[in-house]
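Thanks for coming. I will go through a few salt bridges and then a sheet.

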Amino acid sequence: MSGGHRGPGAGAMPGSKAKDFKGSFKRLLKYISPYKSQLFIVLVTAILSTAFSIASPKIMGNAVSKIFEGLVMKFKGVPGASIDFDYIGKIVLILIVLYIVSAAFSYIQQYVMAGVSQRTVYDMRKELENKLSRMPLKYFDSNPHGDTLSRFTNDMDNISTTLQQSLTQLITSIVTIIGILIMMLTISPLMTLIALVVLPVAMFVIRPILKKSQTYFSDQQKYLGTLNGHIEEMYTGHNVVKAFGYEEKSINRFKKVNNDLYNSGWKAQFISGLIMPLMSFINNIGYVAVCVTGGYLATKGSIKVGDIQAFIQYMRQFSQPINQTANIANIIQSTVASAERVFEVLDEEEIIPDDKDAKVIEKPLGEVKFENVNFGYKEGTNLIEDMNIDVKKGQTIAIVGPTGAGKTTIVNLLMRFYEINNGRITIDGVDIRNLKRENLRNMFGMVLQDTWSFNGTIKENIGYGREGATEEEIIMAAKTAHADHFIRTLPDGYDTILNEEASNISQGQKQLLTIARAILADPSILILDEATSSIDTRTEVYIQKAMSNLMKGRTSFVIAHRLSTIKDADLILVMNQGKVIEQGNHEELLKKGGFYADLYNSQFTSKAS
């Protein structure tokens with residue numbers, strides 16, 4: 001019973017098992033169920049393809065028997081005895097037809113299954129994409145982006161590969177096992193019994209080896225992950241490694257993990273490599289037993305010589321689908337685990353949908369009110385408590401405070417990225433929960449500390465601010481943002497292509513483009529997160545002028561890091577531990593001599609020193 005053996009982990013990741021295999025498997029089947037008719041075609045073609053393939057050894061055995069009979073008759077000296085080559089020619093022709101028909105059915109099976117698997121994964125990807133668009137911001141804040149991306153790509157690819165290859169292999173293997181077993185029984189029940197005794201003996205011997213090798217394969221995957229993580233960390237941060245003289249420690253760490261990977265890898269390969277010799281040894285004993293029994297039955301006239309040859313061929317074919325089925329069972333475990341990871345995302349809590357009668361503010365003024373607002377990212381712990389703010393049209397509101405005070409949280413609440421626990425936030429007297437999210441977010445223009453750009457021209461990046469903007473409007477926005485001059489100095493001007501990280505322009509230039517985009521959008525309310533800490537003085541002056549142009553006549557919320565930049569703000573909110581502990585303009589807050597005054601003086605004292 002020879003057949004290729006794949007070690008544990010060759011087709012699936014060791015240790016990746018579903019938490020709820022039965023439930024997740026049933027759920028995965030629901031995605032395949034719309035294609036029942038195609039799956040029925042796959043099943044029928046698999047049965048026919050395998051049936052034609054299985055029939056060939058028996059027919060070939062008839063040819064061997066006929067040749068053997070002719071030779072025996074010649075040996076005995078029977079007059080006119082010869083080998084019936086016409087009969088053998090017919091059998092050869094039948095075999096060719098069988099192989100062609102079997103291959104044709106196999107092709108149809110693969111073709112139909114490719115369509116089923118791709119459509120199933122297409123449906124799942126589409127549902128996952130739609131789900132992500134309905135997810136609240138807190139999901140993306142609390143889950144690593146790499147993990148979400150892995151569910152979208154690696155897990156989906158795993159499902160696709162299994163549906164395309166492993167499912168058809170599983171059907172074919174099961175049909176082959178049943179078909180071969182039937183053919184073996186028709187030849188000789190006694191020889192079949194001897195052949196089947198070999199299987200439990202082989203499994204008894206191999207099982208402890210498989211279990212041991214599985215442990216080492218699992219360790220191998222673990223160390224491989226650790227090694228990849230270490231290499232990525234060291235290569236992405238190689239400047240820091242060199243700056244702090246960490247090279248030797250990094251190399252020693254690499255050597256240790258690499259050594260662990262080597263030890264677990266060779267042990268896994270060596271132990272799993274014992275399986276094939278042991279299988280061959282047990283199988284060969286089985287062949288000997290079958291051949292002796294077959295020879296004895298042939299002398300008794302119970303079976304023909306060709307039947308012995310056909311039986312041995314069936315016996316050799318029998319182990320391959322068994323090995324495949326065992327391996328596919330492992331792959332299916334991994335696939336259901338992948339499906340479960342996708343279902344976890346699909347089961348995540350969604351954002352509260354807009355009301356059917358949600359309002360739209362056609363011409364927003366930009367008056368914002370926070371009334372007794374309470375909010376916490378986790379239940380039971382409030383980050384913002386009883387916040388009250390009244391902002392008039394065109395006012396500039398500066399928000400200051402130490403890290404973690406809740407400054408960015410106000411922005412998240414304003415744009416309904418998070419829902420408040422109590423109280424209400426209104427724009428022009430309308431509760432933002434009664435507004436369409438799209439309408440609400442279109443009121444805001446954002447210039448954040450982390451500038452965002454995409455792979456495309458500068459013109460396209462600025463034009464992202466408003467759909468259908470003309471080239472003249474884009475250039476005018478760039479001029480207002482003091483970005484036109486530097487853009488025209490670039491080799492391709494407005495047609496200069498920014499790479500994915502926009503590393504072909506400076507941080508300050510990226511910020512000017514972001515301001516130009518916000519100017520083009522012409523929002524009623526601005527959210528500005530000052531980002532001039534790592535920018536040269538000259539560019540900072542341009543950014544400050546651009547921001548002033550942008551803020552004219554608009555309600556602006558400025559998250560301030562440098563207190564010197566918000567002296568002219570109409571209202572300064574001083575936040576600490578989620579509460580507005582002081583509010584007023586610059587002069588009023590300095591006179592109070594409180595938290596703001598301490599912050600302001602500490603900045604200027606540190607600069608002076």
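This is a predicted model. I start with E471, which is partly exposed at 43% relative accessibility. The side chain of E471 forms a salt bridge with that of K459, at 3.9 Å from N to O. K459 is in helix α14, residues 458-463, and E471 is in helix α15, residues 471-480, so the pair ties together parts 12 residues apart in sequence. K459 also counts as partly exposed, at 23%.

How many salt bridges does a search of the whole structure find? There are 15. One of them joins D155 to R341, with the closest N and O atoms 2.7 Å apart. This pair links distant parts of the chain: D155 sits in helix α6 and R341 in helix α11, 186 residues apart. Are the two residues buried or partly exposed? D155 counts as buried, because its relative accessibility is 7% and the cut-off is under 20%. R341, at 24%, is partly exposed.

Another salt bridge is between R433 and D431, at 3.1 Å from N to O. Here D431 is the buried residue, at 9%, while R433 is partly exposed at 31%. There is also a network of salt bridges linking R416, E419 and R437.

Now the sheet. Its 4 strands are ordered β2-β1-β4-β5, the pairing is antiparallel, and the sheet is open. β2 and β5 stand at the edges with a single partner strand each, so one side of each has no neighbour in the sheet. Strands β1 and β4 are joined by 5 bridges, and E371 stands opposite R424 in β4. Helix α12, residues 407-414, packs on this sheet and touches β1, β2 and β4.

Methods. Residues are numbered from 1 along each chain as its sequence is written. This is a predicted model: local features need pLDDT of at least 70, side-chain atom pairs count only at pLDDT 80 or more; totals for chains, interfaces and linings use all residues. Side-chain values use heavy atoms; hydrogens and water are left out. Two strands pair if DSSP finds at least two bridges between them. Helices (H or I, at least four residues) and strands (E, at least two) are DSSP runs, numbered from the N terminus. Contact means heavy atoms within 4.5 Å. Axes are lines fitted to C-alpha atoms, for helices over the stretch in contact, and angles run from 0 to 180 degrees between N-to-C directions. A salt bridge is a side-chain nitrogen of Lys or Arg within 4 Å of a carboxyl oxygen of Asp or Glu. Buried means under 20% relative accessible area, exposed over 50%, partly exposed in between (1.4 Å probe, protein chains only).
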